[in-house]
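Please keep the model open while reading.

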Amino acid sequence: MKKVFLIWAVLILAFIMPKSLSASSEGGELAIKETIFHHLGDGYGWEVPFSHHHRIPLPIIVCDNDGVWHCFMSSRVAHGETYDGFYIAESGDYKGKVVGRDANGTEYRPIDLSITKNVLALFISVFVVLLCVMSVARWHKRNGYKAPRKGVGAIEALISFVYDGVIKSTLKENARRFAPYLLTVFFFIFVMNLLGLIVIFPGGANLTGNVAVTLVLATLTFLVTNIFGTKHYWKDIFWPDVPLLLKFPLPIMPVIEIFGMFTKPAALTVRLFANMMGGHMIVIALTMLIFIFAPMGAAVAGATTVVSVIFSIFMLLIDVLVSFIQAYVFTMLSTIFIALAQENPHHEE
Amino acid sequence: MELFTPDFGLIFWMFVSFAVLFILLWKFGWPVILNGIDGRADLIDKGVEYAQNAKEQLDHAREEADKYIADARRQQAELLREADKMKTQIIEEAREAAQKEAQKVMDAAKVSIEQSRKEAEQNFRNEVSVFALDIASKVVRNQLVDEKAQTKLVNTLLDEIEKQN
């Protein structure tokens, strides 16, 4: 009986809510695309549920053309206001970013090190990763060789899953050397992915779906790969084992190899970024369907709501899976790239 | 589009936070955990090996114990047999000794009997000779009542003595 009541309540809510919401949006066209990209993008404040007006204010740190640093809360420039000569651009190249006006009155973009929504989410992720990993480390320090249970045990299982399954099996004797980097990458990406799926405050930022984040991670893998690359690895790039014609008058193979050096991190960047952004986009698009169909009457809107919500939940669940898979794939590929650069000549002499 | 153009601020902060996270975990996190996991794996491996060895030794020990028991049984049997032999030997010896002793005692008895017999014989002879002499003297006294006969005897005796010398 209770369950039946609950289902009815949800259905009624589903039929009424979109109507009232679309009525409240002043009859203006819903800017679907803008809304989607707004949710995928960064911002100078953190949205709170059920309000388009209020945001959690975050510090804005900018350096103007004279090299002076300005620091103020984002609430000061929230609704088109200007503070200290800075405001958020409404349109143009820097739309949605903090801009200032120089002496000539032209708009310019200051050096912007603001703690934006994504940056704060980054800090939260770092904190969560530290909390998780250090809890395991603390356990090992305190309890010696006893096997951990519950949460700590789960995290340890994940660590040894990645360490034994990916790092050790690929890098062999070099495993311990690169394990700290690779494990950090895995847990950082995994936590960022999962936090991105939580809809309200501590999560919701589309971090790994932002190209800057994945670019930094891929660049780091690129650096680790090439800095620790062996002589054999460099020889294979500039003087590979191919017929002479392929490398002497025209360095075809070396060019391809050098090109390959950069396509690897590029692939890493795009893969993680596109997968996570795609997941977020689908969920938002499914939610937006409700508002698109809202003006067509209660029946259509209600039906769409039910279907959309079910699909959103389904997609979010898949995204949980994707979060893990993408973190795993990124780590695995990084491990393979590093392992390839660690190769020593084996069939020579 | 904003999504595809990396923002400098985010790159900067991403780099900083990753560096901080990496350094902290590199120093305080991963080595402890990985050493712990590896150490535990080693400990478990060693434990298994130890248990296997112990089991092997136990099996071996059982075998050895069986061997010892068999050995002990054999020794026991041997001892028993020996003891039996010794017993019969002792009895034999005792019997022999007893026989010897008895022989000796009998011999001694025989000797003493012989002696007594001889002594008795001697006494008997002595007494008989005394009786004989008495009887003879009595007979002689009867015969030599007359002088003539006496003289005749004396003469005869004297003749005998003469002849002897």
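Two strands pair if DSSP finds at least two bridges between them. Helices (H or I, at least four residues) and strands (E, at least two) are DSSP runs, numbered from the N terminus.

## Basis

This is a predicted model, in which local features need pLDDT of at least 70 and side-chain atom pairs count only at pLDDT 80 or more, while totals for chains, interfaces and linings use all residues. Residues are numbered from 1 along each chain as its sequence is written, chains are lettered from A and ligands numbered from 1 in the order in which they are written, and side-chain values use heavy atoms, without hydrogens and water.

Strand 3 (residues 59-63) of chain A pairs with strand 4 (residues 69-73) of chain A. The sense is antiparallel, over five bridges. A:Ile61 has A:Cys71 in strand 4 as its bridge partner. The two strands make a hairpin with five residues between them. In its turn, A:Gly67 has a positive phi of about 85°.

Strand 3 of chain A is also joined to strand 8 (residues 111-112) of chain A by two bridges, again antiparallel. Here A:Val62 is the bridge partner of A:Asp112.

## Sheet 5-6-7 of chain A

Three strands of chain A form an open sheet in the order 5-6-7, with antiparallel pairing. Strand 5 (86-88) and strand 7 (107-108) of chain A are at the edges; each has a single partner strand, so one side of each lacks a neighbour in the sheet.

Strand 6 (residues 98-101) and strand 7 of chain A pair over two bridges. One bridge partner pair is A:Gly100 and A:Tyr108.

## Interface of chains A and B

Contact means heavy atoms within 4.5 Å. By that rule, 36 residues of chain B touch 55 residues of chain A. The buried area (accessible area, 1.4 Å probe, that two parts lose on being put together, summed over both) is about 4,000 Å². Carbon and sulfur atoms give 80% of that area.

Four salt bridges (a side-chain nitrogen of Lys or Arg within 4 Å of a carboxyl oxygen of Asp or Glu) cross the interface. One of them links A:Arg176 with B:Asp38, with the closest N and O atoms 3.1 Å apart.

## A:Thr331

A:Thr331 lies in helix 9 (residues 298-341) of chain A. Buried means under 20% relative accessible area, exposed over 50%, partly exposed in between (1.4 Å probe, protein chains only). A:Thr331 counts as buried, at 1% relative accessibility.

The A:Thr331 side chain reaches the backbone oxygen of A:Ala327 at 2.6 Å. Leaving out residues up to four places away in sequence, A:Thr331 touches A:Val162, A:Val166, A:Leu182, A:Val185 and A:Phe186.

Conventions. Polar contact = N/O pair within 3.5 Å; in protein donor to acceptor, adjacent residues only side chain to side chain.
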